[in-house]
Amino acid sequence: MNNRVLTPLTLLSLVSLIACTPTRVGDQVALSSPATWQHAPSAQASEAVDLKTWWQGFNDSLLNELIDQALTANHDLRIAAARVREANAMVTVAEAALYPSLDFSLSGGREKRIDRIVGVPSKQGIKLITPTADAVSGGLAAHWEIDLFGGRHLEAEAAAAQAEGSQEGLHAAKVGLLAQVATNYLELRGVQQRIGILQSNIALQRERLRTLQVFLKAGLANEADVARQQMLLQGTEAMLPQLTNAGQKLIHRLGVLLGEPPENLEKRLTVAGPLPKQMPTMPSLLPADLLAQRPDLRFAQTEVSAAAASLGSARADLYPKLVLSASGGLGAIAVGGFPSLAESVYALGSGLSAPIFNAGRIRAHIAAADARLDQVATNYEKTFLLAFEDVENAFVAHRSATESLGQLTAAEASAEKAYRLVDALYQHGAGDYLAVLDAQRSKLAVSDERAKAETAVGVAMVSLYRAFGGGWTMDASVSAFENTSAR
């Protein structure tokens, strides 16, 4: 066989024998997690809890509608989905460098130049002319950089890891969105319930003021009693605009989360509704499950993988690069007065290049990539600890709110009992009407605190599911959202 053919075949054989990448860097970060949660309740659900649709555990149809709308129209989700498409496209760009490139070219033209003079025989002797030349050429050209030391493969791996990271970013945006919608909705219902209690309190205090004014005319009260009651009434009335303002802000926030103007929600949400009486089941994930469920941890892991691949790619720049090229085609040229010439042309070649001197550029690039890997690895460890802190804080908040709710519920029952006793004495003529009003006011004050505690229990449950990364799963629903957002 011709040596010209053997040389390319030998090079290709060497390439096929390279089965490992000497520049590859490990991307594993050792993380140790405890076996159990420190502040988890002793009695947790024995069966697995569906984290994907945890908000349905509140059994509130309006909350379900709001979340469905948010998952469809939220701008943060649409931005995150666009980033996923962008990152996936960049993976294709990076992987394209692993394959040969093939280009087609076609060119032609006519040329007449004064510096090309040709002598042509004639009757008068040799005649000097500047002939017109017509040339046409076309063909294919191939170029392939052989990835001897894995630099291109590692660049593609880095791009793939970044694409996975963008997918985890979409999951994280979804987890955060669900928690925000549910939290704002529960807080809105809690504020509306407190507004109702406050309005009853204001009406009660107005009645007490009217009674004191009647007693003052009858000489049974003094002006100081009336002034103190006026002060108490005015202070209570001042709380109403604050709660109303808080409720309107929550509606406005929900409007942004749902991707529509706030006024579109006011008709649906300004009508006061009760807090959900049903709560989702307490999640029972183990600490080790966070690595698979929390998107921020998964994203931090993809950053480590991408940085490790980028470091390996930077190291590959220290080694030689081999390039194979080939081209072939047809060309034709016709010069005025001469026979035209048409011929096939081809070229085969290979090249080898290695860095000799670059003023430390490659070494500096490697050092920067190595520092980047240290950064993301440390951030992964930190994110892991923050995830544990998030879950433990959510457990503590839920336990505290639940205990407060139990105590305040008992206090509300006691206040209700005291009011009934005082009212019974008054109905039998053995009590004071002002004492009845005071008993009612005390009961309403306890009811307001109970409403705040009830809201806190629901919000703490939402925080717990957010801490566990609830609200997403790798299924067709995510792909459907991405396809919808792509239009």
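Predicted model: local features only at pLDDT ≥ 70, side-chain atom pairs only at ≥ 80, totals over all residues.
Residues are numbered from 1 along each chain as its sequence is written, and side-chain values use heavy atoms, with hydrogens and water left out.

Helices (H or I, at least four residues) and strands (E, at least two) are DSSP runs, numbered from the N terminus. A residue is called buried under 20% relative accessible area, exposed over 50% and partly exposed in between (1.4 Å probe, protein chains only). A nonpolar core is a set of buried Ala, Val, Leu, Ile, Met, Phe, Trp, Tyr and Cys residues joined through side-chain atoms within 4.5 Å. In soluble globular proteins, nonpolar side chains tend to be buried together. The largest nonpolar core here has 79 residues, and those with the most contacts inside it are Trp54, Leu66, Val181, Leu269, Leu373 and Phe468. Two or more residues of this core come from each of α2, α3, α4, α5 (223-257), α6 (263-269), α8 (295-316), α9 and α10 (433-467). Helix α4 provides the largest share, 17 residues. A second, separate core has seven residues, among them Ala94, Leu98, Ala156 and Ala159.

Contacts, defined as heavy atoms within 4.5 Å, were listed for two residues. Apart from residues up to four places away in sequence, Leu373 touches Val25, Val304, Ala307, Ala308 and Leu311. Asn74 is found in the loop between α2 (61-73) and α3 (75-96). At 2% relative accessibility, Asn74 counts as buried. With neighbours within four places in sequence left aside, Asn74 is in contact with Gln69, Leu177, Val256 and Leu257.

Rings of Phe, Tyr and Trp (its six-membered ring) pair if their centres lie within 6.5 Å; planes under 30 degrees apart count as stacked, over 60 as edge-to-face and the rest as tilted. The count by this rule is eight aromatic pairs. Phe149 and Tyr319 are stacked, because their ring centres are 4.6 Å apart and their planes are at 25°. Phe149 lies in the loop between β4 and α4 and Tyr319 in the loop between α8 and β5 (321-335), so this pair ties together parts that are 170 residues apart in sequence. Phe149 is partly exposed at 24% relative accessibility, and Tyr319 is partly exposed at 33%. Phe384 and Phe388 form an edge-to-face pair, with 4.6 Å from centre to centre and 80° between the planes. Both of these residues lie in helix α9, four residues apart, about one turn of the helix. Phe384 is buried, with a relative accessible area of 3%, and Phe388 is buried at 10%. One aromatic cluster is formed by Trp37, Phe384, Phe388, Phe395 and Phe468.

A salt bridge is a side-chain nitrogen of Lys or Arg within 4 Å of a carboxyl oxygen of Asp or Glu. By this rule there are 19 salt bridges. Arg152 takes part in a salt bridge with Glu145 (3.1 Å, N to O) and in another with Glu155, where the closest N and O atoms are 3.5 Å apart. Glu155 and Arg152 are separated by about one helical turn, because they are three residues apart in helix α4 (residues 151-217). Glu145 is buried, with a relative accessible area of 19%. Arg152 counts as partly exposed at 27%, and Glu155 as partly exposed at 35%. In helix α9, Glu416 and Arg420 are four residues apart and therefore separated by about one helical turn. These two residues form a salt bridge with the closest N and O atoms 2.9 Å apart. Arg420 is exposed at 56% relative accessibility. Salt bridges that share partners join Lys277, Glu412, Arg450 and Glu454 into one network.

Gly406 is placed in helix α9 (residues 361-427) and is partly exposed, with a relative accessible area of 43%. The C-alpha atoms of Gly406 and Arg450 are separated by 8.7 Å, although the residues are 44 apart along the chain. Leu106 lies in strand β1 and is exposed, with a relative accessible area of 62%.
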